[in-house]
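Hi,

Here is the structure I promised to pass on. Have a look at it first, and then read on for what I found in it.

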Amino acid sequence: MMLIWAIMALSMREAHGENGCPAGVKNADKWPCPRIVVMGGAGVGKSSLANVLLGRDKSYKPTDGNHCFEAGSGGTGGFTGHTIETCAEAGPWLGQGAQFTMVDTPGFGEKMEDEEELLNDMVAYLKDEIQYINVFLIAFKQTDNRVLWSMRSMLKILSATFGNEFWNSVMVEATFWNWNEYNVENRGTNETLWLQTIRKGLEYSTRNWDKIDAVFIDSHFKSKHTEEAEKFEEHTAKLWSFAKDTSREPFHAADIKSVKENIKTLMEENARLADEVQDAAITLNETIKEYNVNITNMETKRNEIVEELNVNITALETESNNKTDALTREQKKSVVFEGEAW
Ligand SMILES: Nc1nc2c(ncn2[C@@H]2O[C@H](COP(=O)(O)OP(=O)(O)OP(=O)(O)O)[C@@H](O)[C@H]2O)c(=O)[nH]1
Ligand SMILES: [Mg+2]
């Protein structure tokens, strides 16, 4: 009897999964679901946000000496960003809710090739350790649009690495988005316009760019300011419900290819495109040269025609003048004759 009960309990647990994870998600005991990976450019506020979502101070300092989840300005170890490795922590949502997993990642700059190692490590960690991911939270700094452009090469590589499915789990986050009344009025943009710009920026990375949604969670909000606290609650709730949305399959990171392979492919593709552009430029130059020769020939021809026309006009004028003179002479003669007749 005990055995039957134990088997039933086990299969029930299998069907519903454990630790908030759907059935079939391995390592649910270690990494509860949902699992949120925050990524983005260097210094945009990823670690601060990750800490706040785990319910601790935005400026949390780890005690074990590494820089995981440590917020701070400036690069570490010669890299552009402060966080230089991908790491995860399980904890209660906002410090008091259900258990979930937060993954912090290094910030990337503009020189993708220099950061290949960081990117490779990140992909390897997601693939081997985290395996299933509910949300890729891509953070952009509201006050700095350049970051969007520098992120494009990284997103291109991620897209090539993770495949188009990756975009189903993407939610965009606007950092440095303060909700106090003054900022709302003087921001010079609003949520809709800002999201439109981001979507446009992602247009070349995914076909689903216009379906991507955004949250505006301010990791630096002040709870004593009601409007900031309310917006924090609203946007964290939106992120939570996206993370828990079971109509989307969690992203399975186990099948992804290595970044190296993709960077190599993308670089080969770039080299091929550069060759094509060069060939096109050479052809264009030759065509321009041909056109220039044609234009010169046509100009010479036009000048010859104009000259010929001028000669003809002069000849016609002379002829006409001669005829007029002859006519005048004839008329004079006939007047004289008529006079004689009188
Ligand atoms: N005012 C303001 N400051 C912020 C915000 N988010 C982050 N910061 C500050 O920006 C700096 C960088 O924040 P981090 O959270 O370390 O940024 P990160 O994206 O993890 O940085 P890297 O790991 O270097 O890529 C810190 O000094 C934060 O206090 C924000 O929303 N508002
Ligand atoms: Mg960081």
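Let's start with the inside: the largest nonpolar core has 66 residues, and Ile36, Val37, Val38, Ile133 and Phe136 have the most contacts inside it. A core here is a set of buried Ala, Val, Leu, Ile, Met, Phe, Trp, Tyr and Cys residues joined through C-beta atoms within 7 Å. Buried means that 20 or more other C-beta atoms lie within 10 Å of a residue's own, exposed means 12 or fewer, and partly exposed is in between, with C-beta atoms placed from the backbone. Helix α4 (residues 146-162) gives the largest share of this core, 7 residues.

Before going further, a word on the source: this is a predicted model, where local features need pLDDT of at least 70 and side-chain atom pairs count only at pLDDT 80 or more, while totals for chains, interfaces and linings use all residues. Residues are numbered from 1 along each chain as its sequence is written, and chains are lettered from A and ligands numbered from 1 in the order in which they are written.

Overall, the protein chain has 8 helices and 8 strands; these are DSSP runs numbered from the N terminus, with helices being H or I of at least four residues and strands E of at least two. Of its 342 residues, 31% count as buried.

Now the sheet. It is open, has 6 strands in the order β2-β3-β1-β5-β6-β7, and its pairing is mixed (two strands pair if DSSP finds at least two bridges between them). At the edges are β2 (87-92) and β7 (213-215), each pairing on one side only. Helix α7 (residues 226-244) packs on the sheet and touches β1, β5 (135-141), β6 (170-175) and β7; its direction makes about 135° with that of β7. Axes are lines fitted to C-alpha atoms, for helices over the stretch in contact, and angles run from 0 to 180 degrees between N-to-C directions.

Within the sheet, β1 (residues 35-40) and β3 (residues 99-104) pair in the parallel sense over 4 bridges, and Val37 stands opposite Val103 in β3. What does Ile36 contact, leaving aside its neighbours within four places in sequence? The list is Phe100, Met102, Val103, Asn134, Val135, Leu137 and Ala243, where contact means C-beta atoms, placed from the backbone, within 7 Å.

Helix α2 (residues 46-53) deserves a look too. It is mostly covered, with 8 of its 8 residues buried, and what covers them includes β1, β3, β5 and β6. After α2 comes Gly55, with a positive phi near 85°.

The same helix α2 supplies the largest share of the shell around ligand 1, 3 residues. In total 19 residues surround the ligand, the closest being Gly45, Gly81, His82, Thr83 and Gly107; a residue counts as near if its C-beta atom, placed from the backbone, lies within 6 Å.

Most residues other than glycine have a negative phi, and most peptide bonds are trans. The bond from Cys33 to Pro34 is cis, with omega near 5°, and Pro34 is in the loop between α1 (2-16) and β1. Phe69, in the loop between α2 and β2, has a positive phi near 65° and is buried, with 22 other C-beta atoms within 10 Å. Gln131 also has a positive phi, near 65°, but is partly exposed, with 18 other C-beta atoms within 10 Å.

Cheers

Notes. Two residues are in contact if their C-beta atoms, placed from the backbone, lie within 7 Å.
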